[in-house]
Amino acid sequence: MYTISCRDVGRDCDCVIQGETEEEIMKNAAEHAVKGHGYKEEDIMTPEMKNKIKSYIRKS
Ligand SMILES: [Zn+2]
């Protein structure tokens, strides 16, 4: 299981995003960022942003 906590990313949000695969968690994180934090999908899908999100993924 992969998880990302919004707090780790510096957001004042108690959400923990989960996914079975790295691909799934990236999708779920992007969705949450758009719906929960008002990001635009094209802002998240840049290589820089993807790398940043990946660096926050925790495996368990
Ligand atoms: Zn959040």
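In this predicted model, 12% of the 60 residues of the chain count as buried. Burial here requires 20 or more other C-beta atoms within 10 Å of a residue's own C-beta atom.

The secondary structure consists of 4 helices and 3 strands. Read from the N terminus, these elements follow the order β-α-β-α-α-α-β. The radius of gyration is 10 Å, close to the 10 Å that the globule rule gives for 60 residues, so the chain is as compact as a globular protein of that length. Along its principal axes, the C-alpha trace spans about 30 × 25 × 15 Å. Considering contacts with a separation of 6 or more, 35% of them join residues 24 or more positions apart.

Attention may now turn to the interior. In soluble globular proteins, nonpolar side chains tend to be buried together. Which residues form the largest nonpolar core of this chain? That core has 7 residues, namely Tyr2, Ile4, Ile17, Ile25, Met26, Ala29 and Ala33. The largest share, 4 residues, comes from H2.

When its neighbours within four places in sequence are left aside, Ile4 is in contact with Val9, Ile17, Ile25, Ala29, Ile53, Tyr56 and Ile57.

Terms used:
Residues numbered from 1 in each chain as written. Predicted model: local features only at pLDDT ≥ 70, side-chain atom pairs only at ≥ 80, totals over all residues. Core = buried A, V, L, I, M, F, W, Y, C linked by C-beta atoms within 7 Å. Helix = DSSP H or I, 4+ residues; strand = E, 2+ residues; numbered from the N terminus. Contact = placed C-beta atoms within 7 Å. Rg over C-alpha atoms; globule rule 2.2 N^0.38 Å.
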